[in-house]
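Here is a short report on a two-chain model. Please keep the sequence and the structure in view while reading.

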Amino acid sequence: MKLDLGNPAWVTTLPATRAVASDAPVAACAFSSNGATVGFGLGDGQVRLLSADVKQPASAVAEPVHKGAVLSLIGDPAGDGFVSSGDDGRLLRLALDGSATEIANQKGKWIDKLAAHRATGAVAASVGKMALVVDKAGEIKEFGPHPSTVAGLDFSKDGGRIAAAHYGGVTVWSIGAVTLPPKPLRWTGSHVALKWSTDGKFIATGTQENDIHVWRVAQSTDMRMQGYPAKVKSLSWSADARWLYTSSQPVFTAWPFAGKGPEGKPPLQFGEEGAGLITVVAAHPTAEYVAGGYDSGELQVGDIKTRRSAVLKMSDDSSITCLAWSPEGTHLAAGTDDGKMLLIDLRR
Amino acid sequence: MAQAQVPVTVLTGYLGAGKTTLLNRILSEQHGKKYAVIVNEFGELGVDNDLVVNADEEVFEMNNGCICCTVRGDLIRIIEGLMKRKEKFDGILVETTGLADPGPVAQTFFTDDDVKAATRLDAIVTVVDAKHFLGQLEQGSEALQQIAFADVIVLNKLDLVDATDLAKVEAKIKAINPYARVHKTEKSKVELDAILDKGAFDLNRILVFEPDFLEHGHDHNHEEEVKSLSITSDRAVDPDKFQKWMGALLQIKGGDIFRSKGILAIDGAPKRYVYQGVHMMMDAGWGTPWKKDEKRASKLVFIGRDLDGDNLKRGFEDCLK
């Protein structure tokens, strides 16, 4: 996969894009594990499924699977469909024909964060103060209660542990057959987003105080990065774990984690200054690229090697709410708060 | 997508005062309006509405060194989640637990940028059980705080008290917070326009909401632990000195000052300067212009615990030209 961002012809040729509109905000988007289908979870409870092949007719399967809003959507790590959650307290496994199987039903609660582990086929979900892990066979284990509602969840690289963000820090649980005591990583305040690094060594959170906090998991030592004008609700580690990308800046912002780590170093900032602030950031799954969606609706793709970026979608006063790369990194999906669903084929 | 901020009404009050009855009354009488209702998990009665969100009151301290900067993280999360829904709301009603301190709820609307962009705090409505109120004051600080924070007080269960006891309750409420509008009711029966869309936190409506706000106030409740205090002056205010004084005051005494409001006649400025705050958090801006022949006067109001009237008065006088 090669994106020639330095080539004016690449930048000015509009990529093959499929756009679908809804009158409900897009809350989440994701590709299926095989990359053949893209799904969008909407604020009216529907999940729209589209073929990732932009040349195919846009025959969207749309099913009102949740009673309220869809809060999260991921590719099913144990199949070719999706897993969705909503403010109706249901966690669902969705097949490609739009039919849904209920994994969990916690009436009166919201299930708002999901994480998937491809190799083991496990799904993690936050339900209030608890974290649930559903294994490939559908068996559910519960972890918690945490000091507050879980606001971020992620798997370790090997899928043997999960990390949950809450008030006062992060708790790391071993989820395999051997159960170790939970490991607390402490930092005062409310942690609102969490991502475990792709090499398993670091856990990063965004805090209520517009900072990010990063722990070295093995040593339990930590660091704090400040200077954001807004909460950092989106974090993404590069495929090689050398960079942590963060939202809430007008340009791509990456903290260096290669070698001795980012202590005492400024973040690398690059690319064209966009309209507004980045709300969602997503590192490419295999290469040195990164996608950023802005609160103005602008969408950019950047290259950390050349430090260039290109605009894929102009601003239009609707905020980008979600971004997802296909597993091979050939396609990018984006959703907005006014109901736009975009699928972009980046191969030229 | 630019949309109007959704008004949020906070319903507070001691256990059994009639909060849920009031909530159900709002929902059944407001025909054609859509509300999202956020209730605590241990609610006494069922709430009849399409969208009821159960909240676990999750209060946390901001990690900024300010001990009184406590906010409700669950509200931040729920409001963010509600904005993902397709249908829009005419309002959000938040019912707190009977023992809740209204401070963290109010401060949530001053602190979080996403919450501020999507919603505005309209008013804090406190339901009071006329029969049990005086006893509840003895049991802890919650009943006291709920009165001190209130913009509107629904003095409920009038049928259960005689005139003498009612007079005592009313006097006590006035002694703590004379600025709240009191509506006397049975079974939480109150006109909805008395509690909804009050704009109590709207700087432009501080004057509208309290027409007697600029009348001369006096500090006559020396015996109360929690009370209100007002300071007035006809002399112009030096804005730099005022800012320094108020900043330092809130830094030191912010934990004890529950609510503060003020209208200032700034030296040489054509408009009123208005502000209002909850504990250390404050919101300020220019209000309506002074009329040509209008007497320019400033007034500050504090509601809080252990307020030192003489000290505050001296501090403010040092800010005058």
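## Contacts and cores

Two residues are in contact if their C-beta atoms, placed from the backbone, lie within 7 Å. By that rule, I162(A) touches A124(A), A131(A), V133(A), F143(A), L153(A), D154(A), F155(A), W173(A) and I175(A), leaving out residues up to four places away in sequence. This is a predicted model: local features need pLDDT of at least 70, side-chain atom pairs count only at pLDDT 80 or more, and totals for chains, interfaces and linings use all residues. Residues are numbered from 1 along each chain as its sequence is written, while chains are lettered from A and ligands numbered from 1 in the order in which they are written.

A residue is buried if 20 or more other C-beta atoms lie within 10 Å of its own, exposed if 12 or fewer, and partly exposed in between. A nonpolar core is a set of buried Ala, Val, Leu, Ile, Met, Phe, Trp, Tyr and Cys residues joined through C-beta atoms within 7 Å. The largest such core has 100 residues. C29(A), A124(A) and I162(A) have the most contacts inside it. Another core, of 81 residues, lies apart from it and includes F110(B), M246(B), L300(B) and F316(B).

## A sheet in chain A

Strands (E, at least two residues) and helices (H or I, at least four) are DSSP runs, numbered from the N terminus. Two strands pair if DSSP finds at least two bridges between them. In chain A, four strands form an open antiparallel sheet in the order β24-β25-β26-β27. Its edge strands are β24 (278-283) and β27 (308-313), each pairing on one side only.

Strand β26(A) covers residues 299-303 and pairs with β27(A) over five bridges, in the antiparallel sense. There, L299(A) stands opposite K313(A).

## Chain B

Chain B holds 10 helices and 14 strands. Of its 321 residues, 43% count as buried. Helix α3(B), residues 102-111, is mostly covered: 10 of its 10 residues are buried. Among them are P102(B), F109(B) and F110(B).

The C-alpha trace spans about 55 × 55 × 40 Å along the principal axes of chain B. Contacts in chain B with a separation of 6 or more come 75% from residues 24 or more positions apart.

## Where the chains meet

The contact takes 29 residues from chain A and 16 residues from chain B. Strand β16(A), residues 183-196, gives the most to the chain A side, with three residues.
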